[in-house]
Amino acid sequence: LLASELVTTALLYAQGRITVRVTALEETWRVGVYDGSPVTVAPRRVGLEATSGRGLALVEQLAAAWGVEVHEHIGKEVWFEVPRP
């Protein structure tokens, strides 16, 4: 669900190539979605009737950690971590 939300957001709003990377850390899985846009993202507050706009709010609520890292001249990475079983 969380990876799908980040990829969908990138497909709708990003520029250039989109890359997904999954990394096994000591206690978590880290999933990063890279795109060519330097514009940062943040969760939005949407009304009950809205049909979209909840992706980052879901990531914020369900992930152990998440963030956005801007890479100068390259774009950004939006990432989240979930516990490893």
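Okay, let's start with a question: which residue forms a salt bridge with Lys-76, and how far apart are the closest N and O atoms? The partner is Asp-35, and those closest N and O atoms are 3.0 Å apart. Asp-35 sits in strand β2 and Lys-76 in strand β4, so that's a link between distant parts of the chain, 41 residues apart. And both Asp-35 and Lys-76 are buried. Keep in mind throughout that this is a predicted model.

We've got 2 helices and 4 strands, and if you read along the sequence the pattern goes α-β-β-α-β-β. The C-alpha trace spans about 40 × 35 × 15 Å along its principal axes. What about the radius of gyration, and what would a compact globule have? For 85 residues the compact globule would come out near 12 Å, and the protein has 13 Å, which agrees.

Some totals while we're here. Of the 85 residues, 28% count as buried. The protein exposes about 5800 Å², and carbon and sulfur atoms supply 55% of that. Then contacts: taking those between residues at least 6 apart in sequence, 50% join residues at least 24 apart.

Back to the charges. Side chains of opposite charge can pair when their charged atoms come close.

Next one: Arg-21 and Glu-77, whose side chains meet in a salt bridge at 3.9 Å, N to O. The cut-off for a salt bridge is within 4 Å, so this pair makes the list. Arg-21 is in strand β1, residues 19–24, and Glu-77 is in strand β4, so the pair ties together parts that are 56 residues apart in sequence. Are the two partners buried or exposed, or something in between? Arg-21 is partly exposed, with a relative accessible area of 41%, whereas Glu-77 is buried, at 3%.

Now Glu-69 and Arg-30. Their side chains meet in a salt bridge too, 3.1 Å from N to O. Here the pair links strand β3, residues 65–71, where Glu-69 is, to strand β2, residues 28–35, where Arg-30 is, and the two are 39 residues apart. Glu-69 is partly exposed, with a relative accessible area of 32%. Arg-30 has 18%, and buried means under 20%, so Arg-30 counts as buried.

You'll find Glu-81 in strand β4, residues 75–83. Its relative accessibility is 14%, so Glu-81 counts as buried. What does Glu-81 touch, leaving out residues up to four places away in sequence? Well, there's Leu-25, Thr-28, Trp-29 and Arg-30, and then Ala-63, Ala-64 and Ala-65.

Last stop, the surface. Leu-1, Leu-58 and Leu-62 form a nonpolar patch there, with about 290 Å² of accessible area together. Leu-58 belongs to helix α2, residues 55–62. Leu-58 has a relative accessible area of 31%, so it's partly exposed. Patch residues need over 30%, so Leu-58 gets in on that count.

That's my tour, so over to you.

Technical notes:
Residues are numbered from 1 along each chain as its sequence is written. This is a predicted model: local features need pLDDT of at least 70, side-chain atom pairs count only at pLDDT 80 or more; totals for chains, interfaces and linings use all residues. Side-chain values use heavy atoms; hydrogens and water are left out. Patches are made of residues with over 30% relative accessible area and no salt bridge: like charges are joined within 9 Å, nonpolar side chains (Val, Leu, Ile, Met, Phe, Trp, Tyr) within 5 Å. Accessible areas come from the Shrake-Rupley method with a 1.4 Å probe; for residues, only the protein chains shown count as cover. Buried means under 20% relative accessible area, exposed over 50%, partly exposed in between (1.4 Å probe, protein chains only). The radius of gyration is taken over C-alpha atoms; the globule rule is 2.2 Å times the number of residues to the power 0.38. Contact means heavy atoms within 4.5 Å.
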